[in-house]
Amino acid sequence: MGRRNDPRVRTRRFEEEAVDALLAGYQPLPGVNDELIDADGRPRAHWTSLLASLAEMGVDEVNRSFASADRQLYRSGVFYRVYGDPNGGERPWPLSHLPLVIDGEEWRALERGLIQRAQLLEGVLADLYGEANLVRSGALPAAVVAGSPEFLRPMVGVDPHGGSFLRIYAADLGRGPDGRWWVLSDRTQSPSGAGYALENRIAIARALPELARSLNVVRLAGYFQALRAGLTRLDRSGEGRVGLLTPGPLNETYFEHAYLARYLGFVLLEGEDLTVRDNVVYVRTVAGLKRVDVLLRRLDSDFCDPLELNPRSRLGIPGLVQAIRSGGVAVANAVGAGLVEAPAMMGFYPRLGGQVLGEDLDLPNVATWWCGQKAERERVLDTLDDLVLSPAFQRPLRGLMDTGSVIGADLDPKRRAAIETAIRTRGVDIVGQEAVQLSTMPVWRNGRLEPRPFILRIFVAATENGWKVMPGGFCRVSDSLDARAVTMQSGGRSADVWVLDGHPTDQITLLTKTGQSEIRRQTGPLPSRAADNFYWLGRYLERAETTLRLLRTLVGRLSSSAEGGGASVTKLISLLQSWGSIPEDLARTRPARHALAALTRSDLPGALPNIIDAARQTAAVIRDRLSPDAWRTLADLVAMTQEPVPAAGSAQADAYERSDRALRALAAFSGLASENMNRLAGWRFLDLGRRIERGIATCRFARALVGESPTAGTLDVLLELCDSQITYRSRYVMVESRAPVLDLVLLDPVNPRALAFQIDAIMAHLDALPGHLGDEPPPPEERLAARLVASMKAFDAGEFDDERLRQLEGQLMELSNDVAERYFIHHSPVETPWDLMA
């Protein structure tokens with residue numbers, strides 16, 4: 001067979017032709033390094049397999065695969081928060097679908113440079129919070145250290161537990177026109193993005209599963225495995241209790257905090273969850289105080305302790321600094337580690353490499369001149385048009401750089417004059433940096449490839465065996481062709497990063513190998529805040545179901561001509577009005593339109609959108625404890641409430657169909673909770689909230705619909721609202737009668753919708769919750785629940801009247817308050833000064 005007919009040659013030629021067709025119209029930017037195309041105009045070798053696979057798939061299939069990745073992220077609830085956004089702030093995660101591909105040999109060079117830089121910054125921190133030889137020798141000006149708000153004097157002389165100030169280091173990298181990588185900024189405070197990088201990988205790997213495997217893309221799990229092992233080794237108590245300290249749900253990267261906590265097996269904690277006793281940090285749980293030995297910090301250093309750091313902080317833990325100082329807790333990264341990420345420090349690192357490490361840095365950083373020095377100040381003033389000007393210590397400069405960096409060439413005369421004056425009079429606050437022309441990578445837009453600038457963030461973790469670099473990273477891609485900086489806040493997108501290996505990659509997992517860990521059937525104590533949110537999630541979801549049943553029943557009755565139908569409709573409308581679900585005035589609009597509005601409008605306090613939004617916000621606080629399926633179910637409910645109301649058509653039919661769909665979604669969530677959640681404290685508080693809310697609603701239904709002489713129509717409505725019609729029909733051949741109906745919906749202990757069933761379930765949950773002492777009297781909520789149980793056994797259906805039902809409803813509300821008092825607010829036997837300030 002001749003070479004011309006060799007199938008391998010034909011396949012290679014076909015791939016080349018397909019790649020050429022895919023690259024048609026792709027124009028690298030002049031004077032800019034392009035990751036995809038080399039200087040000869042040909043695709044780089046490590047990109048060709050990816051390009052050939054995309055070409056083979058075709059535009060339509062590629063679009064479908066990338067749309068699948070977007071759906072995966074959306075249904076997983078991946079979001080980020082935009083500060084100052086009038087529309088609510090939460091936005092779906094913007095994925096740039098093509099990964100950044102990096103050759104294995106080039107990656108190993110980056111690894112060496114990043115590890116070297118991490119060692120440098122670790123050494124600088126150890127010196128500045130220790131003997132301060134760098135300042136004493138003049139290698140670092142005292143003003144660049146002491147003038148930084150991140151230099152925390154209470155931490156001077158405090159050795160971090162485990163010996164490392166930095167447990168996680170990250171660097172933002174860009175590639176210049178000459179093809180060299182440069183460090184644009186260092187991240188040592190609490191580097192973010194690793195969790196998003198993992199979500200990007202999962203989404204793209206599911207969209208292009210065969211491709212990721214065939215290219216031998218190095219997996220990320222090994223990095224997270226090393227990170228987790230390094231942190232758990234800091235646990236002195238041997239209980240393995242590590243917390244991830246978050247500022248809370250309003251933080252822009254809260255999703256990542258919750259995701260990492262779940263992925264790594266850590267407890268997601270806010271400052272209010274923690275307290276310090278005898279220089280030891282404890283988490284407030286429903287079972288009392290439980291020790292926490294390690295905190296992975298995602299809270300800025302000065303907010304960590306209002307006693308010794310920022311007194312205005314409401315996010316930190318009073319007494320934390322003293323606990324660190326006494327060795328009672330390990331915090332990663334060390335409080336005060338943000339000092340070395342200040343732009344003012346960057347200009348000194350090239351020289352410090354030789355002094356601290358005894359060697360030059362392999363990975364250079366962008367040229368930086370701190371204006372606190374005379375020569376550097378004059379240089380910045382002379383070359384202002386060629387530089388980017390930034391706050392020296394990252395915090396905005398009011399009136400000059402309110403939103404961060406500015407480009408000298410873009411300044412108008414008035415602002416330029418103001419900045420020049422500030423440089424001369426207060427140069428310590430400003431740095432000038434070389435303007436970086438970022439390298440570009442391909443993005444998929446409208447079925448074709450286009451170049452866009454990007455910044456790559458790579459993470460390094462300190463482990464027992466040295467530094468471990470994540471084989472990939474968090475890549476931010478600009479939507480604009482002319483970009484000097486790329487941020488998610490300003491509309492950037494995020495891409496996966498593929499590091500190629502010449503050999504098949506190992507199947508690494510975070511699961512512990514067989515025989516290396518003790519068997520456990522508990523997931524650790526439940527923080528009081530999490531219990532509180534589980535409880536209210538249950539109440540909100542049950543409240544949504546109650547509202548939907550009322551609306552569906554109303555719409556069904558509007559078309560009924562049965563005897564008593566008019567009275568039923570009137571009472572249902574009255575209930576919904578008292579619920580705050582529909583307007584008080586129905587004079588001008590048909591009730592069916594109001595029912596539809598109650599499913600979609602957010603200006604009515606008891607309407608479905610407000611209830612579901614409250615449920616979703618509550619669930620967001622405990623999303624590290626919810627399954628992805630449960631979160632997706634809530635997302636589906638939110639989407640249903642946002643569907644527009646049709647301008648024409650049958651409002652009655654639309655309202656009924658929407659109510660029916662939403663009830664099925666709620667049933668799906670209940671099924672997930674029933675079948676997938678372990679019967680531990682979290683599930684008990686979730687179900688406890690549902691049972692109390694359902695009991696209250698049943699009392700209200702019975703009071704509103706059953707009087708001294710109810711009609712058959714209102715009794716049938718009560719059965720429908722309590723989902724008990726089939727049971728009633730199977731037991732009684734008679735028309736609805738007051739006593740049998742009330743017995744079924746109030747006193748029947750085997751009817752899961754009956755009041756007695758709810759009270760029995762409440763009692764069972766209270767008996768199973770932690771904190772019971774056999775030699776002490778039962779707490780108030782248990783005594784009240786016991787009285788309710790006895791009432792259900794002692795009452796006869798004929799004894800129920802409005803007053804008795806109102807009394808039962810009040811007792812359920814009182815029980816709810818008692819539960820909150822006991823489990824959601826932790827009372828310490830001894831109040832300390834930091835308790836009074838918490």
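Predicted model: local features only at pLDDT ≥ 70, side-chain atom pairs only at ≥ 80, totals over all residues.
Two strands pair if DSSP finds at least two bridges between them. Four bridges connect β9 with strand β10 (residues 288-291), and the two run antiparallel.

**The whole protein**
- The protein has 838 residues, and 55% of them count as buried.
- Its secondary structure consists of 29 helices and 22 strands.
- Take the contacts between residues at least 6 apart in sequence: 71% of them join residues at least 24 apart.
- The protein's accessible surface is about 36500 Å², and carbon and sulfur atoms account for 49% of that.

**Strand β9 and its partners**
- β9 covers residues 280-285, and five of its six residues are buried.
- On one side of the pairing story is strand β8 (residues 274-277), which runs antiparallel to β9 and is joined to it by four bridges.
- Within this pair, leucine 274 sits opposite valine 283 of β9.
- β8 and β9 make a hairpin with two residues between them, and aspartate 278 in the turn has a positive phi of about 50 degrees.
- β9 and β10 are also linked by a hairpin, again through two residues.
- Look for threonine 285 here: its bridge partner is glycine 288 in β10.

**Cysteines**
- How many disulfides does the structure hold? The count is zero.
- Cysteine 304 has a relative accessibility of 1%, so it counts as buried, the cut-off being under 20%.
- Cysteine 475 is buried too, because its relative accessible area is 0%.

How values were computed:
Residues numbered from 1 in each chain as written. Heavy atoms only, no water. Buried < 20%, exposed > 50% of the residue type's maximum accessible area, 1.4 Å probe, protein only. Contact = heavy atoms within 4.5 Å. Areas by Shrake-Rupley, 256 points an atom, 1.4 Å probe, with all protein chains shown as cover. Disulfide = S-S within 2.5 Å.
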